[in-house]
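Please look over the sequence and the structure shown below before reading this briefing. The points that follow are grouped by topic, so that each can be checked against the model in turn.

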Amino acid sequence: MKQMTLGKNQLLKRVKNTRFWLVFGLLTMALAMEPALSFAQEKVTIKGKVQSTQNVPLPNASVNIKGQQKGVTANQDGLFTVSANVGDVLTISAVGYLAQDYRVAANATDIIISLLPRDNQLGEVIVVGYGTQRKRDVTGAVTSVKENELREVPVANLQQALQGRAAGLEIQRTSNQPGGGAQIRIRGTRSISGSNEPLVVLDGIPFEGTLNDINPDDVASVDILKDASATAIYGSRGANGVLLVTTKRGKSGEARLSYNGYYGIGQVANPYPIFNSAEYQAMRNMSTWGQGYLPAEVAGRNAGVNTDWQDIMYQNSRRTDHNLSVSGGGNGNNFMLGGGYYNETTVLPGEEFTRYTLRAAIDAKVGKRIKVGLTSQNTFSIQKGSQFVSGSPLFRMLAMSPLVSPYDSLGNIVPTPWGNIDDINAGGRYSPLYLKTNNPEWVDRVRRLRTFNSLYAEVEIMTGLKYRANLGLSFAQQHNAQFQPEDLPGKPSFFRAVQGNIASVQNGETWGYTLENLLTYDKLIKDKHKINFTGLYSIQENQSFDNFVQ
């Protein structure tokens with residue numbers, strides 16, 4: 001084994017090298033730490049926006065600097081400005097959403113924070129009375145139906161969209177006609193002679209129209225207030241429950257063009273079960289009230305006629321809906337403009353419903369504390385075939401004899417395809433096929449025009465304390481026109497068998513206004529405690545007149 005020894009000069013040289021690298025390392029560490037120390041003291045002004053994962057601004061979101069008693073509150077568009085040091089941690093939170101931390105960097109000037117909703121729906125914000133509350137803070141019975149649930153199934157009106165969507169909300173269709181309404185019950189049938197319909201509040205203003213006047217595609221959410229505590233703020237008007245309908249509004253960002261539409265064809269899936277010719281004859285032969293067969297039936301029996309009146313009367317129905325909207329905004333000024341077209345026919349001729357809608361919503365900020373807005377909801381609809389309620393051809397189709405042919409040898413409609421003595425004694429029942437051929441000669445039209453407009457101005461007096469004035473203006477006009485031609489030789493009238501002409505006209509107008517003054521105070525303390533106060537003074541007036549001529 002060879003042993004190495006260092007001389008004096010070599011040893012001194014190595015010590016000097018060691019000192020050099022030690023000094024070099026210390027200098028390098030000092031230089032590396034100097035920028036960090038200087039950055040730690042650097043102030044940065046951060047402008048940001050708080051929104052949901054669906055890019056919806058979250059108003060009044062809290063932005064706090066962790067470990068410090070400093071923070072700001074986002075405005076109604078989710079925008080905020082905060083000054084912090086590089087390296088500080090911002091905690092962003094909003095009611096109903098999970099809090100998120102963000103570490104401040106030197107280049108952090110414009111940021112967007114997207115918060116995830118809480119899994120616990122008790123943090124959900126719902127509309128209740130004049131304002132909103134967290135679901136966990138509500139003691140009354142309140143159910144909320146959101147936009148995505150309302151759009152799961154193509155429907156004609158808002159009543160159908162709500163069917164089966166909310167517990168305790170009973171909806172029964174009162175008519176199978178296109179555009180037909182429905183019976184809505186929230187608190188059951190409470191009166192024999194009075195109304196049991198719930199109060200409808202559209203964008204904070206009591207709505208005197210029907211849900212048929214509201215385009216389902218324009219609705220953002222529907223909140224149902226059920227019990228007395230939830231409806232107390234509306235007084236006796238809320239005795240039958242309240243439907244709070246909130247429509248869509250513009251969102252901050254670039255202008256967005258949106259289209260939603262569909263087209264569908266319908267057929268009768270399960271026709272009424274009726275007797276064919278053989279079964280019908282067996283029934284007639286067994287009956288003690290058969291009274292024999294008429295000549296037309298005898299001829300049809302000999303010719304082997306087996307008429308299915310439902311098959312020759314039913315036709316394909318159609319349903320189409322088209323909605324187009326444009327929305328956008330920025331700096332607290334948002335807008336939305338949209339229009340819709342809906343048309344529906346049924347499997348029976350002569351029944352049709354058409355609706356046109358035009359809607360506009362504008363929200364604007366004036367300075368830092370004032371906000372104004374306008375909403376205009378306009379609907380024009382035409383319903384045809386409402387007289388079928390009293391003169392429906394359905395019973396005649398089901399009661400007519402399958403032994404009688406609907407057409408003669410020349411292909412013309414048999415006017416009176418009577419199958420028994422009872423048909424003759426009934427005064428003459430014309431073939432329902434005349435509904436198709438006589439359609440241009442009779443009129444059955446209900447035309448409705450409704451415009452509902454609301455304006456508001458809101459002033460933030462101090463943090464959490466706001467004054468708001470609401471003004472609602474409504475106008476509605478309805479025109480009913482009926483004409484049934486007389487029964488002439490060679491030109492039978494389905495609705496006026498052995499009778500003369502009949503015509504009627506009915507016109508009605510309704511207009512009114514609602515003026516509300518609200519003072520609210522809302523304070524959230526560390527996302528755990530909330531103080532809320534609402535004061536309201538409201539006045540509402542409606543006038544109407546109606547005339548009828550026959």
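This is a predicted model: local features need pLDDT of at least 70, side-chain atom pairs count only at pLDDT 80 or more; totals for chains, interfaces and linings use all residues.

A residue is called buried when its relative accessible area is under 20%, exposed when it is over 50%, and partly exposed in between. By that rule Leu455, which has a relative accessibility of 36%, counts as partly exposed.

**The open sheet**

- Strands of a sheet pair through backbone hydrogen bonds, and the pairing may be either parallel or antiparallel.
- In this model, five strands form an open sheet with mixed pairing, and their order is E10-E15-E16-E13-E14.
- Strand E10 (142-146) and strand E14 (205-206) stand at the edges with a single partner strand each, so one side of each has no neighbour in the sheet.
- E10 pairs with strand E15 (residues 219-225) in the antiparallel sense over five bridges, and within this pairing Val145 has Val222 of E15 as its bridge partner.

**Aromatic rings**

- The structure holds five aromatic pairs, and one of them brings together Phe207 and Phe452, whose ring centres are 5.1 Å apart and whose planes stand at 90 degrees, so this pair is edge-to-face.
- Phe207 lies in the loop between E14 and E15, while Phe452 belongs to strand E22 (residues 443-462), and the two are 245 residues apart.
- Phe207 counts as buried at 6% relative accessibility, and Phe452 also counts as buried, at 5%.
- The rings of Tyr341 and Tyr356 have centres 5.3 Å apart and planes at 45 degrees, so that pair is tilted; Tyr341 sits in strand E19 (residues 333-345) and Tyr356 in strand E20 (residues 352-366).
- Tyr341 is partly exposed, with a relative accessible area of 29%, and Tyr356 is partly exposed as well, at 40%.
- Together with Phe380, Tyr341 and Tyr356 form one aromatic cluster.

**Charges over rings**

- The charged end of Arg301 sits over the ring of Tyr293, at 4.7 Å from its centre.
- Arg468 lies over the face of Tyr456, where the distance from the ring centre is 4.0 Å.

**Salt bridges**

- Ten salt bridges are found in a search of the whole structure, and one of them joins the side chains of Arg450 and Asp213 at 3.1 Å, N to O.
- Because Arg450 lies in strand E22 and Asp213 in the loop between E14 and E15, this pair ties together parts that are 237 residues apart in sequence.
- Arg450 is buried, with a relative accessible area of 16%, and Asp213 is buried with 8%.
- Arg284 and Glu297 also meet in a salt bridge, again given as 3.1 Å, N to O; Arg284 is in helix H5 (residues 277-286) and Glu297 is in helix H6 (residues 295-303), and both residues are buried.
- A salt bridge of 3.6 Å, N to O, joins Glu352 and Arg318, which are partly exposed at 23% and 34% respectively.

**The nonpolar surface patch**

- Leu455 is found in strand E22, whereas strand E23 (465-484) and strand E24 (502-525) each supply at least two residues of the patch.

Technical notes:
Residues are numbered from 1 along each chain as its sequence is written. Side-chain values use heavy atoms; hydrogens and water are left out. Two strands pair if DSSP finds at least two bridges between them. Helices (H or I, at least four residues) and strands (E, at least two) are DSSP runs, numbered from the N terminus. Rings of Phe, Tyr and Trp (its six-membered ring) pair if their centres lie within 6.5 Å; planes under 30 degrees apart count as stacked, over 60 as edge-to-face and the rest as tilted. Buried means under 20% relative accessible area, exposed over 50%, partly exposed in between (1.4 Å probe, protein chains only). A charge sits over a ring if NZ of Lys or CZ of Arg is within 6 Å of the ring centre and within 35 degrees of the ring normal. A salt bridge is a side-chain nitrogen of Lys or Arg within 4 Å of a carboxyl oxygen of Asp or Glu.
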